[in-house]
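Take a look at the structure below. We will walk through it one region at a time.

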Amino acid sequence: MKMSTNSSAFTIILGSSSMARRQILTEMGYEFTIMSADIDEKVIRREKPADLVMALAEAKADAIVSRLKSTAQFEAEALATLLITADTVVVYEGIIREKPSSKEEAREFIKGYSGGQAEVVGSVLVTNLKTGKRKGGWDRAEVYFYNIPDEVIDSLINEGITLNVAGGLMLEHPMTLPFVEAVVGTTDTVMGLPKALTEKCILEAL
């Protein structure tokens, strides 16, 4: 596979603390270090979901690049270093949903998906720290749900993990999976890092 031959020629920083993104990038055969951007995502607003996730991925990259520059961490690197940032939102009935701000909001989000559907829009941005070249794009997927029982929703809310994901929607969670009727698109897009798009952006940014 091309990944194993290429990856020795560059190093990767994943600009995200998301467990799902770590898992996907590992599945793709890459080794990487992790840095989180720690930006205030609420100050960045766009009307269109695709514009918003691209703007957020860029803001995360800018924040990490400026932090690296201030510590002069990548100046001496002989290899190219690729920084991967990403963002995901859920669109429900035309409204953009980010991470729930409370357990009540998370419950309202998940109740809405029950017996319905949601669209997930996710971006990937790869920044070559050596050359400054940036390549990015976005992908979308639709998720259709069976009815989700109240007790399952309660368990998900009480666990607290839904507060850390866009739209409170964690497709890969063992309690959520049985109620997913269909995914139109790829599950890695829903989980926060579209594999094919990430691969394409990595190759283009080198």
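A residue counts as buried when its relative accessible area is under 20%, as exposed when it is over 50%, and as partly exposed in between. Keep those cut-offs in mind. Keep in mind too that this is a predicted model.

Start with glutamate 142. Its relative accessible area is 19%, so glutamate 142 is buried. The side chain of glutamate 142 meets that of arginine 140 in a salt bridge, with 2.8 Å from N to O. Arginine 140 has a relative accessible area of 37%, so arginine 140 is partly exposed. Elsewhere, salt bridges that share partners join Glu41, Lys60 and Asp87 into one network.

The structure holds 10 salt bridges. One of them pairs the side chains of aspartate 154 and arginine 107, at 3.0 Å from N to O. Aspartate 154 lies in helix H5, residues 150-159, and arginine 107 lies in helix H4, residues 103-113, so this pair ties together parts that are 47 residues apart in sequence. How accessible is each partner? Aspartate 154 is partly exposed, with a relative accessible area of 31%. Arginine 107 is partly exposed too, at 27%.

Now find a salt bridge between aspartate 150 and lysine 111, where the distance from N to O is 2.9 Å. Aspartate 150 sits in helix H5 and lysine 111 in helix H4, so the chain is linked here across 39 residues. Aspartate 150 has 44% relative accessibility and counts as partly exposed. Lysine 111, at 41%, is also partly exposed.

The largest nonpolar core has 22 residues. Which of them touch the most other members? They are Val90, Tyr113, Val143, Phe145 and Ile148. Look at valine 143 in detail. Another core lies apart from the largest one. This other core has 20 residues, among them Ile24, Met191, Leu197 and Cys201.Ile24 brings us to helix H2, residues 19-27, whose buried residues are Ala20, Arg21, Ile24 and Leu25. Where do they sit around the helix? They cover an arc of only 130° around the axis, so they are on the same side of H2. What covers these buried residues? The cover includes strand S1 (10-14), helix H3 (49-71), S3, helix H6 (187-191) and helix H7 (195-205). Now check the two ends of H2. At the start, a side-chain oxygen of serine 18 reaches to within 3.3 Å of the backbone nitrogen of alanine 20. After H2 comes glycine 29, with a positive phi near 95°.

Finish at asparagine 128, which lies in strand S5, residues 117-128. Is asparagine 128 buried or exposed? Its relative accessibility is 2%, so asparagine 128 counts as buried. The side chain of asparagine 128 reaches the backbone nitrogen of threonine 131 at 3.2 Å. Not counting residues up to four places away in sequence, asparagine 128 touches Ala80, Thr81, Leu82, Lys133, Ala205 and Leu206.

Methods
Residues numbered from 1 in each chain as written. Predicted model: local features only at pLDDT ≥ 70, side-chain atom pairs only at ≥ 80, totals over all residues. Heavy atoms only, no water. Salt bridge = Lys/Arg side-chain N within 4 Å of Asp/Glu carboxyl O. Helix = DSSP H or I, 4+ residues; strand = E, 2+ residues; numbered from the N terminus. Buried < 20%, exposed > 50% of the residue type's maximum accessible area, 1.4 Å probe, protein only. Polar contact = N/O pair within 3.5 Å; in protein donor to acceptor, adjacent residues only side chain to side chain. Contact = heavy atoms within 4.5 Å. Core = buried A, V, L, I, M, F, W, Y, C linked by side-chain atoms within 4.5 Å. Arc of directions from axis to C-beta.
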